[in-house]
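Welcome to this short tour. Please have the sequence and the 3D view open side by side, and follow along as we go from one topic to the next.

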Number of protein chains: 2
Amino acid sequence: KGTFDQISPSEFFYRNRDLAGFSNPTRSLYTAVREFVENALDACDQQGILPDVHLSIKAVDPEKPDPKPYILSVKDNGPGIESKHVPLAFGTVLYGSKFGLKQARGMFGLGATMAILYGQITTNKPVFVKSSTDGKIQDEFELILDIQKNKPIVLKHETQDTSKTGLSISICLEGDYAKAGAKIRDYVYQTSLITPYATVTFDDPKGEKFRYTKIVRSMPPAPTIISPHPYGVDVETIKRMIGDSKFSIPTVDNNTIEKVKTELGLRKKDLNYTEIMERAKRRWSSLSRNIRVVIAVMSFLKMDFAKLSKIRIDDIDVSRKKLTYWDFGESKSFTIDMDPETDYYKQLTNTVQGETLVSFLTKRFQRVGRTTAEKFADFAGFKPEKRIGTMTNEELVKLSDSLQKFPTFLSPDPSCLAPLGAEPLEKGMKAFFNPDFISVIQRGASAYSGFPFVVEMGIAYGGDIPPGGTKVYRFANRIPLLYDEGSDVVLKVVEEIDWSRYKVKGDPPLVIVSHICSTRIPYKTVGKENVADRPEIERELRLALQFLSRKLASYMSKRGLAEMEKKR
Amino acid sequence: KGTFDQISPSEFFYRNRDLAGFSNPTRSLYTAVREFVENALDACDQQGILPDVHLSIKAVDPEKPDPKPYILSVKDNGPGIESKHVPLAFGTVLYGSKFGLKQARGMFGLGATMAILYGQITTNKPVFVKSSTDGKIQDEFELILDIQKNKPIVLKHETQDTSKTGLSISICLEGDYAKAGAKIRDYVYQTSLITPYATVTFDDPKGEKFRYTKIVRSMPPAPTIISPHPYGVDVETIKRMIGDSKFSIPTVDNNTIEKVKTELGLRKKDLNYTEIMERAKRRWSSLSRNIRVVIAVMSFLKMDFAKLSKIRIDDIDVSRKKLTYWDFGESKSFTIDMDPETDYYKQLTNTVQGETLVSFLTKRFQRVGRTTAEKFADFAGFKPEKRIGTMTNEELVKLSDSLQKFPTFLSPDPSCLAPLGAEPLEKGMKAFFNPDFISVIQRGASAYSGFPFVVEMGIAYGGDIPPGGTKVYRFANRIPLLYDEGSDVVLKVVEEIDWSRYKVKGDPPLVIVSHICSTRIPYKTVGKENVADRPEIERELRLALQFLSRKLASYMSKRGLAEMEKKR
Ligand SMILES: Nc1ncnc2c1ncn2[C@@H]1O[C@H](COP(=O)(O)OP(=O)(O)OP(=O)(O)O)[C@@H](O)[C@H]1O
Ligand SMILES: Nc1ncnc2c1ncn2[C@@H]1O[C@H](COP(=O)(O)OP(=O)(O)OP(=O)(O)O)[C@@H](O)[C@H]1O
Ligand SMILES: [Mg+2]
Ligand SMILES: [Mg+2]
């Protein structure tokens, strides 16, 4: 009979590390480089710091043949990580700061930890992390992972003086630079293409130094976090949003009374009921939600603190407007009526039953105004003032389904996205390919499943581009994707093109650069190497490519005419 | 500044459910069917029960258009699950019984839970599980998932009388049978092809009933669990194996003394030292390891229990043969010599320093005999009697690297695998395709990264096979793989074949069936739809296909000659 076990997420990814891109020394060296460089760029992007990222790979014993141990170090000038978060950030899988709905390279909370894990299981060496968040003190850690328990073990923690913020991380891992070198150099080269505001330097094991200095001096705006869009929800998400927005009635005990006094700024106990309520009214906007609920209850009980401490609230029946409490002094239960016209009644209603559907929609979702919310309520068959805390399970499913089917929600707000921009993309492609012809487009924002995305694409021909057929450079959220192009949506779209229709023959010196930005890239694997063919994304890529191909076609025909001219 | 969060594995797979095959209602309905059917077949295989699996998919409201809620139920005659394990097995991600090194369809501990999760987030309905392990009492559960905490919530648990063992599971989920139906029917059809000893029945939403009765009456042997092979280890695995095989010195306190007495079967305290040691000697083979260590310590101390309870063991220096203890009565430390000739000395040495390298290798790995272990020790530069508990970190890395490089370990033991067999495969293909020509091969066992695997392949031509080009049926551990064939190693191998070399022209009525069995299939995704192109697997597939293609070629030429005969 089978014996049951539970394994931790780090244990799961240890056993199935090919899922995360750590299948062999060649691929693992590449993936580890990616994970650290992408973390450095994410950190700088978030804080509006022009990135300066230094990558170094050195063989421990250069004489030995590959695969062999390498020391991989990445250093950045970013905001660093606070000392208390460092061990968990790097020692725990599914721990990170990028779980919100925001455009970033990272999204899983496991990339760096997996690289450290791979280093540890192949060379048994710890990871060294240096981090400074204030530019004065640098925390230096030596950590290893407890893979079975998914937690870090801090071997050393010291502090040093420093003069800059930033993070540096260094691991020793078994790699194969002979096989991985070309891809790693490509990755660095392409990273600087798509991040023209970053300076990236790379010292490789052979002693070669690669330096890609920034060619753009201004930061693009940092990506911002956004509320969910109705098209992206399911019942679980709805339930959590409702759960966040309603509270249970707090117990009115001495603890609570102390909190009320603190928030009202009262030191002495001797304010009477009227004075308490007046002070609460003046300070209303600064009171926390729980305290407002207590004040609301007090408004109906008409009691001061002394009396309040002698009762227990038993029931608040909002629909029948009755409040029932047990009086310890009198040892009996009382029920009083609540005046539904008061703001205090509204406060209690919101608390017990949650906000109205219209208020919930306009506050919790992006781009839903009052009119849209009311039209939606009508479409879904709910009263606009329906209290979301009173929805049955069936009603929650109806709400979730209707949110996805209502046709007139505005498309998701793309202002949270940070695409590269047509101009920097063109500048970067010119610098890298020095082409005879270039054309670039940034499509308008679109969305899939409630996630906004933007497609940017560039096509370049001739110049320094070697002939030999179309070369496709794929990027997603400013990450170069170098593996698994066979199952990527961009290649699917490119291979549909019949180039002869666009006057391009044979094996042309042609480059296509494609960049997709989104609050959530639909990667097919945890290793983030290829993008799934969501119909909306495929469509946008196709429209972009057709636009650029027509531009190329008119260049090719002008060029064809010019050559015929020359021959005469 | 980013705020850090930890998410649970169920939260991770909720947010990234496309990684597990739950990307949309069409794919999710298919994946949910797979997960439940594969669990049922695994359970029957493990216990040698001829499987009888019933699948039913019914629309909740047949009038509505797709996608819409369906009730998916799967029932089997397997061994069931013990009541105490049911909530966790289905309510927790990364919880299961298939984490050991054994051929099985399941391997991640999350398939069923993901299907239940998808049902819950699309219809808010609980899962119903009925399980009987003894054929008398059936436990019936109604569960929902706490996705954020990765644990089940039991809504109901009742018991009923029953007359059979087995498990049935039923969820309500949003699916699209209009789009998924063809693939689901394919899946059921192909499952019965590769599992000819199983009866599979399927009631579909349109009221159609599909019945695939078993065509083979005997069970293949159940797969067995095996020890790891040296080629599959890394430092983490080595450290855990060593950790399992050595113990720290147990504290000799009253608790320990009570345990010793219990294991020696002593009720009274009044046996003297000699009598204790004699009794221990007689019962040695039944004593637990910790107790043997205490007895060993006592043999050097020459104390009975009363004296023993007054001391504390401070140090056991095996290499210098000295035992140091603190006497509470005398308030001072004593050091005594240990006689290295005694078995008791060996016991302590094993405990403190672990077993010898040779003993470790022969016991903990498969197919390593004493001679091989000694040759390996020489190759790796260790003394054969080196105590594995005394290895430094560098030595552990050297051991791990050498284990992977030593060229003369026997290839992994394939007797733990349960391939279908050439004859049942041929029988199944004949029944399904009724071909004019068929040839089948089961390759000898091979291995990749220490995991044994076997390739079985069949080729069929003509008969009831419709013309239109080669159709490839892929299987892994008796699971039909119906998606993502573009990035599967089998298609890569098939597409290299130039069929004209084998006298096959045009779009032939040709079928290729490929089956890979292993203790670990290198899937590319958590959704288990395609297999990675590990070189050893690719090679085996290629050799199998070349062998079968030559058989087909000689049939085609005979057939060609026969037709030319006819024409004359
Ligand atoms: N160079 C860095 N500077 C600042 N913060 C960093 C740096 N590297 C990592 N971090 C922090 O550590 C966290 C964990 O990093 P990790 O790479 O494991 O996960 P992630 O980047 O969130 O997601 P992914 O798995 O997709 O990479 C990040 O979320 C980030 O907050
Ligand atoms: N029909 C069944 N009969 C007996 N045991 C079952 C059945 N279905 C599930 N189980 C048990 O529940 C566990 C969890 O199932 P689950 O599908 O989530 O994971 P798994 O099968 O181990 O791995 P995978 O994620 O690869 O499917 C299994 O390991 C098995 O022990
Ligand atoms: Mg990261
Ligand atoms: Mg399973």
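## The area between the chains

What area is buried between chain A and chain B, and what percentage of it do carbon and sulfur atoms give? In this predicted model, the buried area comes to about 5100 Å², and carbon and sulfur atoms give 49% of it.

Counted by residue, the contact involves 63 residues of chain A and 63 residues of chain B.

You can look at one between Asp18(A) and Arg520(B), where the closest N and O atoms are 3.3 Å apart.

Which elements of chain A supply at least two residues each to the side that touches chain B? They are strand 1 (5-6), helix 1 (9-15), strand 4 (95-96), helix 4 (111-123), helix 6 (235-245) and helix 14 (393-405). Helix 1 of chain A gives the most to this side, with six residues. By residue class, the side of chain A that touches chain B divides into 24 nonpolar, 22 polar and 17 charged residues.

## Strands that pair across the chains

Now turn to the strands. Strand 4 of chain A is joined by two bridges to strand 1 (residues 5-6) of chain B, and the two run antiparallel. Within this pairing, Tyr95(A) stands opposite Gln6(B), a residue of strand 1 of chain B.

## The two ligands

Why is the site of ligand 1 shared between chains? The site is shared because the residues that surround ligand 1 come from chains A and B. There are 24 residues around ligand 1, and the nearest are Ser97(A), Lys98(A), Met107(A), Gly111(A) and Lys528(A). From the backbone, an N or O atom of Phe108(A) lies 2.9 Å from an oxygen atom of ligand 1.

Ligand 2 lies between chains A and B. It is surrounded by 24 residues, of which Ser97(B), Lys98(B), Met107(B), Gly111(B) and Lys528(B) are the closest. A side-chain N or O atom of Asn39(B) is 2.9 Å from an oxygen atom of ligand 2. Lys98(B) brings a polar side-chain atom to 2.8 Å from an oxygen atom of ligand 2, and Gly111(B) has a backbone N or O atom 2.7 Å from an oxygen atom of that ligand.

## Backbone details in the loops

Where does Pro67(A) lie? Its place is the loop between strand 2 (52-59) and strand 3 (68-75) of chain A. The peptide bond joining Asp66(A) and Pro67(A) is cis, with omega about -5°. In chain B, the bond from Asp66(B) to Pro67(B) is cis, with omega near -5°, and Pro67(B) lies in the loop between strand 2 (52-59) and strand 3 (68-75) of chain B.

One more loop deserves a visit. Asn150(A) is found between strand 6 (137-146) and strand 7 (151-161) of chain A. Phi of Asn150(A) is near 60°, a positive value in a residue other than glycine.

Note on methods: Residues numbered from 1 in each chain as written. Chains lettered and ligands numbered in written order. Predicted model: local features only at pLDDT ≥ 70, side-chain atom pairs only at ≥ 80, totals over all residues. Heavy atoms only, no water. Contact = heavy atoms within 4.5 Å. Buried area = accessible area lost by both parts, 1.4 Å probe. Salt bridge = Lys/Arg side-chain N within 4 Å of Asp/Glu carboxyl O. Helix = DSSP H or I, 4+ residues; strand = E, 2+ residues; numbered from the N terminus. Nonpolar A, V, L, I, M, F, W, Y, C, P; charged D, E, K, R; others polar. Pairing = 2+ DSSP bridges. Near = heavy atom within 4 Å. Polar contact = N/O pair within 3.5 Å; in protein donor to acceptor, adjacent residues only side chain to side chain.
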